[in-house]
Amino acid sequence: MILVAIVLAVGIAGLFYARNLQFTEPEGALVYPAPDDFFWARQFRFNPLGALLTIAVGGIALVGAVTRQRAVTLVAAASSFLAAVFMVIDLRGGEPLLAGRGGNVSLLLVLALGLAALELTPSVPPAPAAGVA
Amino acid sequence: MLVLRPTTLDDDPSTSGEGRPAPTLDEWRGKTSRRVATVAVTEAPAPTLEDRAARTVLAGLRIGLGLLWLQGAGWKNPATFGRDSGFFYDFVAGAVENEVFAPFAWLIDNVVLPNFTLFAWAVFVTEVLLATFLLLGLATRLWALVGAAQSMVILLSVANTPDEWGWSYWLMIAAHLAVFATAAGRCAGLDGVLRPAWSRSSNRLFGLLVKAS
């Protein structure tokens with residue numbers, strides 16, 4: 001849930017800062033714009049399409065977490081991974097469709113790998129209760 | 001901490017409950033109808049304040065390094081990789097102009113710069129993955145070593161560049177080695193959550209994750 005909350009928060013913030021941009025503006029807008037030498041600068045960059053994509057994969061993950069449906073969570077992980085791969089390929093061009101940067105890719109990978117690790121790792125059986133020796 | 005605690009199991013409800021006389025030695029030896037069991041109970045020591053503080057600092061260090069690489073990946077624009085000039089290209093070319101270690105400068109000048117696009121992508125992907133794995137606390141020890149190596153490469157590239165403070169890159173290396181040495185992913189990270197399950201699994205991937213965490 002923490003991972004999902006962070007991704008959704010960043011996506012929603014991205015949509016807020018990109019609200020005045022064209023839907024596929026290549027340059028995008030920084031989340032929490034700050035002077036270049038501020039440590040928070042240049043972490044994430046969104047246009048409305050990129051922000052909505054981030055919110056969408058976060059939303060699928062949220063549904064999976066709330067309903068505790070393993071299949072839904074794995075779909076969210078796969079979607080997030082594919083979105084990250086698409087964003088890397090998209091960045092090769094001079095005018096990226098999603099306006100993301102490396103920070104955006106990392107955010108999507110955090111969600112993808114985090115969900116996959118949690119869902120694909122078998123659960124540990126509870127410790128046996130005290131018994132007769 | 002292993003604690004041996006005697007307990008009494010008795011099917012007779014009239015003899016259970018409070019107010020029961022303490023058992024005699026014979027009773028402890030099981031010569032009466034009362035069954036006595038010795039139970040080994042594993043009790044984990046309560047975390048001390050120092051433990052909590054240490055774990056919090058280690059988690060903060062790991063997450064801080066993840067955010068550092070997040071910004072490192074954030075300002076590199078793959079669309080400009082391969083061009084003759086550009087922000088990232090200038091940094092790399094500075095390793096030749098402001099030489100720190102001659103063999104490394106030779107490598108940059110003769111191998112990296114002529115194939116800049118390939119190496120720039122490698123750096124970009126590495127820093128994205130460093131941010132990802134350190135923020136998650138997943139396979140942390142492995143990625144801490146990768147981060148230390150990447151920090152060393154940066155040190156050898158820019159330590160003698162004007163207006164750079166070389167000690168900052170030594171600090172980056174030290175921080176990554178600290179994360180490696182303390183397995184900081186086990187503090188508020190996925191390594192700590194999932195390692196018990198990985199340890200019990202016979203799956204080869206999980207075995208590798210145990211070693212990497």
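Me: What volume does the second largest pocket have?
Reply: We are looking at a predicted model, so the value is computed from its atoms. The second largest pocket has 33 lining residues, and those closest to its centre are A:Ile2, A:Leu3, A:Ile6, A:Val110 and B:Leu136. Its volume is about 840 Å³.

Me: Are helix 1 and helix 4 of chain A roughly parallel or roughly antiparallel to each other?
Reply: Start with the axes, which come within 10 Å and cross at roughly 160°. Angles over 145 degrees count as roughly antiparallel. Helix 1 of chain A and helix 4 of chain A are therefore roughly antiparallel.

Me: Which residues of helix 4 of chain A meet helix 1 of chain A?
Reply: From helix 1 of chain A come A:Leu3, A:Val4, A:Ile6, A:Val7 and A:Val10. By class, this contact has nine nonpolar residues, one polar and no charged. The partners in helix 4 of chain A are A:Leu107, A:Val110, A:Leu111, A:Gly114 and A:Leu115.

Me: Is the crossing of helix 4 of chain A and helix 5 of chain B left-handed or right-handed?
Reply: The axes of these two helices come within 9 Å and cross at roughly 45°. That angle makes helix 4 of chain A oblique to helix 5 of chain B. Among the residues in contact are A:Val110 and A:Gly114 from helix 4 of chain A, with B:Phe124 and B:Leu136 from helix 5 of chain B. As for the hand, the crossing is right-handed.

Me: Which residues of helix 8 of chain B make the contact with helix 4 of chain A?
Reply: The axes of helix 4 of chain A and helix 8 of chain B cross at roughly 25°, so the two helices are roughly parallel. They pass in a left-handed crossing. Helix 4 of chain A brings A:Gly114, A:Ala117 and A:Leu118 to the contact, and helix 8 of chain B brings B:Leu190, B:Val193 and B:Leu194.

Key: Residues are numbered from 1 along each chain as its sequence is written. Chains are lettered from A and ligands numbered from 1 in the order in which they are written. This is a predicted model: local features need pLDDT of at least 70, side-chain atom pairs count only at pLDDT 80 or more; totals for chains, interfaces and linings use all residues. Side-chain values use heavy atoms; hydrogens and water are left out. On a 1 Å grid over the protein atoms alone, a cavity is a set of points where a 1.4 Å probe fits but cannot get out, and a pocket is an open set with protein on both sides within 12 Å along at least five of seven lines; lining residues have an atom within 4 Å of a point. Grid points are joined across faces, edges and corners, and a volume is the space filled by probe spheres set on the points. Axes are lines fitted to C-alpha atoms, for helices over the stretch in contact, and angles run from 0 to 180 degrees between N-to-C directions. Helices (H or I, at least four residues) and strands (E, at least two) are DSSP runs, numbered from the N terminus. Angles under 35 degrees count as roughly parallel, over 145 as roughly antiparallel, 65 to 115 as roughly perpendicular and the rest as oblique. Contact means heavy atoms within 4.5 Å. Ala, Val, Leu, Ile, Met, Phe, Trp, Tyr, Cys and Pro count as nonpolar, Asp, Glu, Lys and Arg as charged, and the others, Gly among them, as polar. A crossing is left-handed if the near helix is turned anticlockwise from the far one by less than a right angle, and right-handed if clockwise.
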